[in-house]
Amino acid sequence: MKYRNNLLFTIIYIIVFYLPITVNAQSVSFTASASKTTVQVGEQFKVTFSINAKSNGFSPPQFTGFTVISGPNPSTQSSVQIINGDITQTTIQSYSYVLEANKEGSYTIGSASITSGNTIYKSNPLVIKVV
């Protein structure tokens, strides 16, 4: 029995520490999106800023022309995928806002910024038309 346990331990040790395992790296992407790009005065909509990496130091833009109903509402999604020994780990951090349009016009929601590692990333600006 002792020999069998040692053999099992050795096999597991070899599998864990000696088989080549590749971790796939992704390029970091920080994006802004809106549930609607054309809204009516008084209508609420959602704006979400998402980054596909672990991060900190989120700085939101100004929401000129809009009232912030709620936010920032942070969320994190993580997944690990193993296919043929290749490991892909994905983390998505998001910050959502519910906004309400104040008056007619075309408004630009500027870039948000966030830090991942030692790099500061800026999101794309969004243009929202209020009718």
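Reader: How many salt bridges does a search of the whole structure find?

Author: The model is a predicted one, and side-chain atom pairs count only at pLDDT 80 or more. With that condition in place, a search of the whole structure gives a count of one.

Reader: Which side chains meet in that salt bridge, at 2.4 Å from N to O?

Author: The criterion is a side-chain nitrogen of Lys or Arg within 4 Å of a carboxyl oxygen of Asp or Glu. The distance here, N to O, is 2.4 Å, and the pair consists of Lys 36 and Glu 43.

Reader: Is Lys 36 buried, partly exposed or exposed?

Author: Buried requires under 20% relative accessible area and exposed requires over 50%, with partly exposed in between. Because the relative accessibility of Lys 36 is 37%, this residue counts as partly exposed.

Reader: Is Thr 91 buried or exposed?

Author: Thr 91 belongs to strand β7, and, leaving aside neighbours within four places in sequence, its contacts include Ile 51, Lys 54, Thr 76 and Ser 78. Its relative accessible area is 9%, and the cut-off for burial is under 20%. Thr 91 is therefore buried.

Reader: In the open sheet of three strands, which are the edge strands?

Author: The strands of this sheet come in the order β3-β11-β8, with mixed pairing. β8 and β11, the latter covering residues 126-130, pair in the antiparallel sense over five bridges. The strands that pair on one side only, and are thus the edges, are β3 (38-39) and β8 (105-109).

Reader: Which residue in β11 is the bridge partner of Tyr 107?

Author: Strands of a sheet pair through backbone hydrogen bonds, either parallel or antiparallel. For β8 and β11 the sense is antiparallel, and the bridge partner of Tyr 107 in β11 is Ile 128.

Reader: Which elements give two or more residues to the largest nonpolar core?

Author: This core has 22 residues, and those touching the most other members are Phe 49, Phe 58, Phe 66, Leu 99 and Ile 109. Phe 66, for its part, touches Leu 99, Tyr 107, Ile 109 and Ile 128, among others, when residues up to four places away in sequence are not counted. The elements that contribute two or more residues are β2 (30-34), β4 (44-51), β7 (86-101), β8 and β11.

Reader: What percentage of the 131 residues in the protein chain do buried residues make up?

Author: The protein chain has one helix and 11 strands. Taking burial as under 20% relative accessible area, the buried share of its 131 residues is 27%.

Conventions: Residues numbered from 1 in each chain as written. Predicted model: local features only at pLDDT ≥ 70, side-chain atom pairs only at ≥ 80, totals over all residues. Heavy atoms only, no water. Pairing = 2+ DSSP bridges. Helix = DSSP H or I, 4+ residues; strand = E, 2+ residues; numbered from the N terminus. Buried < 20%, exposed > 50% of the residue type's maximum accessible area, 1.4 Å probe, protein only. Core = buried A, V, L, I, M, F, W, Y, C linked by side-chain atoms within 4.5 Å. Contact = heavy atoms within 4.5 Å.
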